[in-house]
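Please consult the sequence and model shown below alongside the text.

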Amino acid sequence: MSILVIKPGIQTTIQDAGRIGFQHLGINPGGAMDLRAMQTANALVQNPTDEAVLEFYFPAPVLRFNAGAFIALSGADFKASVNGTHLPVNHPIYIPAGSVLQFNGKNKGQLGYLAIQGGVELIEWLNSYSTNLKAAAGGYEGRALCAGDELTLNTHPKSIRSSTECSVLPWKAHTESFYTNNPFRFIPGKEFGLLSEASRQLFITEAFIILPQSDRMGYRLQGPELQLVEAGEMISSAVTRGTVQLLPNGQCIVLMADHQTTGGYPRIGHIITADLPGLAQKGIGETLHFVQTDLEAAENLLVIQEQHLQQLKNACILQLDAYHRH
Amino acid sequence: MGSAPYIIYPLGDQALTIELGKKIEEQTNQRVMEVFHQLQNNPIPFVSDLIPAYSSITVVYHAFAIRKTHPGLSAFDWMKAELTNRLQQKGDGAFSSRLIDIPVCYDSELGPDLAELAAFAGLPVAEVIRLHTATVYRVYMIGFLPGFAYMASVDPAIRMPRKAQPRPLVAAGSVGIAGEQTGIYPVNSPGGWQIIGQTPLPLLDVSQESPCLLEPGDRVRFHSISMQQFNQMKNSRSV
């Protein structure tokens with residue numbers, strides 16, 4: 001009952017909904033970059049939506065399943081296959097024992113997610129399975145997966161089947177409403193008003209390119225140089241996922257899942273939570289545009305996404321239960 | 001909790017910050033810690049994290065859960081009202097701050113910037129060490145890295161700005177100075193502080209239930225140890 005990592009991929013980590021309640025110690029929440037993809041993949045295999053999943057970039061891992069399992073892929077589409085059979089994203093899939101899951105190319109998106117029914121056996125760190133690479137804790141030994149690692153699967157009664165056939169179950173999770181493409185909506189930050197009038201205009205009219213030094217901590221952007229009216233001394237305070245900070249060179253960084261808990265740079269804005277999954281699926285070299293919104297709209301969009309997730313969960317339970325009765 | 005002025009502003013759509021002052025000063029930070037402990041001892045529902053900083057405290061919350069429980073209200077407005085109410089209450093934020101002694105080896109091998117800092121200050125190295133160990137510091141906040149405590153205030157005679165070019169690798173345990181702040185790197189990390197020594201104590205121990213040696217509001221005192229003591233302490237904990 002395990003999965004063997006044949007190739008680790010460029011950075012494959014265990015992630016869940018994140019580590020809650022330790023930011024006062026500088027321990028950041030982390031968690032899946034694209035939380036909606038994690039939740040969707042889990043819902044498809046009837047896991048709790050915050051069950052730990054594998055998160056991977058491309059090149060993605062090659063994994064050998066030593067036992068049959070119900071799985072689901074969501075987020076990026078990296079042209080998955082097992083033993084020559086193509087596997088789509090956002091479907092529940094049964095793969096038989098001995099299957100080798102691999103990913104053959106980038107079709108869409110930047111971050112893929114693999115949920116396995118019942119989850120993987122792991123040790124929690126501070127109430128979460130998310131990998132904290134800085135602290136070298138959580139997830140699988142506090143690090144990205146390596147070749148030869150073996151992930152033990154939790155037993156799940158519905159996963160026990162004798163079929164030797166790979167089968168893609170015929171219903172699909174619709175995830176379009178989780179993803180915004182450009183422009184990304186932001187709420188003005190505390191220091192937005194300190195930008196010059198011209199810089200405020202540039203921020204909402206110009207394109208910003210994601211630079212190569214971007215990672216799970218944050219996306220560094222290349223765009224027009226933004227200027228503050230007055231360069232006052234900032235006292236460090238908390239930042240969050242989605243915060244857009246202005247660096248001393250006039251360029252911006254958007255903080256992502258592994259962001260520091262505090263920062264001392266001016267906060268121009270905050271990308272709204274509802275737009276973060278779409279942002280997580282943008283990669284190096286891609287272009288971002290920003291548009292201003294307000295807190296009320298941001299909260300309403302979050303509520304709509306959560307309601308959609310609930311519907312998705314309910315539908316998956318009905319479908320999978322019907323399938324198992326046959 | 002008194003009626004000192006404060007402002008509350010949104011930090012994105014699932015957090016808000018209570019700004020209690022605009023300076024790095026003990027009195028303001030003391031109030032931050034009182035609010036922090038009050039909210040820890042008597043939690044508001046739907047709060048997922050509290051992040052005390054120099055002169056502010058940030059409250060992270062589950063906006064959807066608030067909206068579901070209190071339909072018709074914005075999650076921000078609901079949380080702001082709860083907090084405004086709390087800030088007017090007297091009391092349960094009392095806490096006794098711990099005093100923690102931290103041994104530091106100020107050998108030049110472990111404190112590569114010590115000589116430069118002494119030259120910058122125009123003082124003998126021994127005097128820099130004496131001044132660094134003479135102050136009881138306050139942990140104003142933890143940030144940057146897991147368990148990285150921002151401590152102040154460094155004696156004005158030995159303040160030195162951070163390096164123009166950060167080092168690509170600062171060893172775990174390294175003790176640094178940046179202006180009026182002093183701090184210890186809990187893990188190996190790039191860093192720009194002036195490194196004057198190293199402690200053998202683990203600042204972050206992920207095997208412990210309380211993984212960080214220092215917490216916000218602690219008081220810290222350093223004392224100087226020899227290289228031999230440093231090695232002994234370091235070896236005794238790796239056995």
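## Domains of chain A

In this predicted model, the centres of domain 1 of chain A and domain 2 of chain A, taken over C-alpha atoms, are separated by 30 Å. The domain assignment places residues 2-175 and 307-325 of chain A in domain 1, and residues 184-293 in domain 2. The contact draws on 23 residues from domain 1 of chain A and 16 residues from domain 2 of chain A.

About 1,400 Å² is buried between domain 1 of chain A and domain 2 of chain A, with carbon and sulfur atoms giving 46% of that area. On the side of domain 1 of chain A, the residues that lose the most area to domain 2 of chain A are Asn28(A), Met33(A) and Gln110(A), which together account for 41% of what that side buries.

## Composition and polar links of the chain A interface

Across the interface of domain 1 of chain A and domain 2 of chain A, 11 residue pairs are in polar contact, both residues being at pLDDT 80 or more. Three elements of chain A, namely α1 (35-44), β5 (69-77) and β10 (108-116), each supply at least two residues of the side of domain 1 that touches domain 2. The largest share of that side, 4 residues, comes from β10(A). By class, the side of domain 1 of chain A that touches domain 2 of chain A comprises 9 nonpolar, 10 polar and 4 charged residues.

The interface of domain 1 of chain A and domain 2 of chain A also holds 1 salt bridge. In chain A, the side chains of Glu55(A) and Arg216(A) meet in a salt bridge, at 2.8 Å from N to O.

## Salt bridges within chain A

Over all chains, the count comes to 18 salt bridges. One of them joins Asp275(A) to Arg185(A), whose closest N and O atoms are 2.7 Å apart. This pair links distant parts of the chain, 90 residues apart: Asp275(A) is in the loop between β20 (267-271) and α3 (276-280) of chain A, and Arg185(A) is in strand β13 (residues 184-188) of chain A. Asp275(A) counts as buried because its relative accessibility is 0%, whereas Arg185(A), at 23% relative accessibility, counts as partly exposed.

Arg267(A) forms a salt bridge with Glu191(A), and the closest N and O atoms of this pair are 2.9 Å apart. Arg267(A) lies in strand β20 of chain A and Glu191(A) in the loop between β13 and α2 (197-205) of chain A, so the pair ties together parts that are 76 residues apart in sequence. Arg267(A) and Glu191(A) are both buried.

In chain B, Arg221(B) forms a salt bridge with Asp101(B), with the closest N and O atoms 3.0 Å apart. Because Arg221(B) lies in strand β13 (residues 219-225) of chain B and Asp101(B) in strand β5 (residues 99-105) of chain B, the pair ties together parts that are 120 residues apart in sequence. Arg221(B) is partly exposed, with a relative accessible area of 33%, and Asp101(B), at 36% relative accessibility, also counts as partly exposed.

In chain A, salt bridges that share partners join Glu55(A), Arg216(A) and Asp258(A) into one network.

## Domains of chain B

The domain assignment of chain B gives domain 1 as residues 7-87 and domain 2 as residues 99-238. Their centres, taken over C-alpha atoms, are separated by 31 Å. In the contact, 10 residues of domain 1 of chain B meet 8 residues of domain 2 of chain B. The area buried between these two domains of chain B is about 890 Å², and carbon and sulfur atoms give 58% of it.

Across the interface of domain 1 of chain B and domain 2 of chain B there is 1 salt bridge. Glu26(B) forms a salt bridge with Arg138(B), the closest N and O atoms lying 3.8 Å apart. Between domain 1 of chain B and domain 2 of chain B, 5 residue pairs are in polar contact, both at pLDDT 80 or more. Helix α1 (residues 26-41) of chain B provides the largest share, 5 residues, of the side of domain 1 that touches domain 2. The residues of that side of domain 1 of chain B divide into 6 nonpolar, 2 polar and 2 charged.

Note on methods. Residues numbered from 1 in each chain as written. Chains lettered and ligands numbered in written order. Predicted model: local features only at pLDDT ≥ 70, side-chain atom pairs only at ≥ 80, totals over all residues. Heavy atoms only, no water. Salt bridge = Lys/Arg side-chain N within 4 Å of Asp/Glu carboxyl O. Buried < 20%, exposed > 50% of the residue type's maximum accessible area, 1.4 Å probe, protein only. Domains from an automatic or database assignment. Contact = heavy atoms within 4.5 Å. Buried area = accessible area lost by both parts, 1.4 Å probe. Polar contact = N/O pair within 3.5 Å; in protein donor to acceptor, adjacent residues only side chain to side chain. Nonpolar A, V, L, I, M, F, W, Y, C, P; charged D, E, K, R; others polar.
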